[in-house]
Amino acid sequence: DHTRRKSSIFPLTDGGDDPRRSGEGDASREDISVGVEGLIGNTPLIKLRSLSDATGCEIFAKAEFLNGAGNSPKDRVALSMITHAEEDGILQPDRGDTIYEGTVGSTGISLASVARARGYKAHICMPSDVSIEKSDLLLKLGATVERVLPASIVDQNQFVNTARRRAQEHTADPNTPGRGFFADQFENTANYLAHQETTGPEIYAQTGGKLDAFVAGAGTGGTLSGVALALKPLLPELRVVLADPQGSGLFNKIKYGVMFSPTEAEGTRRRHQVDSIVEGIGINRLTANMSAGLHLVDDAVKVTDEQAMKMARWLVEKEGLFVGASSAVNCVAAARVARELGKGKRVVTILCDSGTRHLSKFWKQAGDIGGEGEEFGLEEILMSTEE
Ligand code: PMP
């Protein structure tokens, strides 16, 4: 019975004397997930050996792509937003209720999955320039997808505004069953609460409370705020650092207290869009979820698309990890923070999603830079990070 064999190859899955892991027992086993919701949270922390060796620090990454509904940290958020809405009586299963959301993908995918599991429909609005594989996946998950032209938040046809309007139209229409629920990941504080209640405490437990910095990008800000709110009271010395892609205004907000210089601020509506191939992080406005933890963010690192692409290649070549764009941005910033802190420190970051979500856009370019098999040194990747 190979499941009982003491394995040195799979040390993490070998249960040893733990009966729950030995292949014995029955359906009362505590490690059986009840539905897809049970596959959300409790993700492993990976030590990134190559980045640890190159910096002399321990660099740990929370493998959020292993959340088992929509395969990103947004599973936690989707479950939290739906559960809160059910508790408030806004959502009711099997009444024909539909969840509406504006998303660049991950949140929509998580909502579509958890919605199905709970008896709801999902309608997802996303900008038309988002990687096509995300909308394909949404359709396969049974969601309806509306791709709208990329636009600034002040435009009523922008993806978030479209989703809000569709939910209102649904509720107002007497011929449509059920109600429309606008999940509103940017302003709905059930988002950061999910990270404050689960992601943060998990990181604390997995590190035994020994960590010197937490580094993450912000799309809605839910991850950064929630984890900071969980960890800072326990670890007042912890450095919380934003990893920001090029073109995002949050970097300036954290470094200088203003998102835009006066000339930029009076400029065009276009300033509300972030000019980067990195999807999911970077934003030019302050959301409720970012505001909740903004006072706890100590510093910011700006990461260019080129640096993110090189780091993505590094993670494949040295770690065998195929991750998406925001994960790569996080790792560039984590390495930069490790360098600043000095040897022997511990830095924790997030691996948000798989590279398979980014094949047609980020990885199409990242696969080409430098040609086949070219290695990038960490110095070269970090050289032009702005801080
Ligand atoms: N990475 C990806 C791929 C995402 O889609 C998002 C969320 N939009 C994030 C990171 C950022 O997470 P948060 O919204 O919690 O700031």
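User: Which helix gives the largest share of the lining of the largest pocket?

Analyst: The largest share is three residues, and it comes from H7. A helix here is a DSSP run of H or I with at least four residues, numbered from the N terminus; a pocket is an open set of points on a 1 Å grid over the protein atoms alone, where a 1.4 Å probe fits with protein on both sides within 12 Å along at least five of seven lines, and its lining residues have an atom within 4 Å of a point. At least two lining residues each come from H3 (106-118), H7 (222-231) and H12 (325-341). The model is predicted, with local features needing pLDDT of at least 70 and side-chain atom pairs pLDDT 80 or more, while totals for chains, interfaces and linings use all residues. Residues are numbered from 1 along each chain as its sequence is written, and side-chain values use heavy atoms, without hydrogens or water.

User: What is the volume of the largest pocket, and which residues are closest to its centre?

Analyst: The volume, the space filled by probe spheres set on the grid points, is about 950 Å³. Of the 50 lining residues, Val 104, Glu 279, Gly 280, Ile 281 and Gly 282 are the closest to the centre.

User: Where does the ligand sit, and which residues come nearest to it?

Analyst: The ligand sits in the largest pocket, with more than half of its atoms within 2 Å of the grid points. Among the 14 residues around the ligand (a heavy atom within 4 Å), Lys 74, Gly 219, Thr 220, Thr 223 and Ser 326 come nearest.
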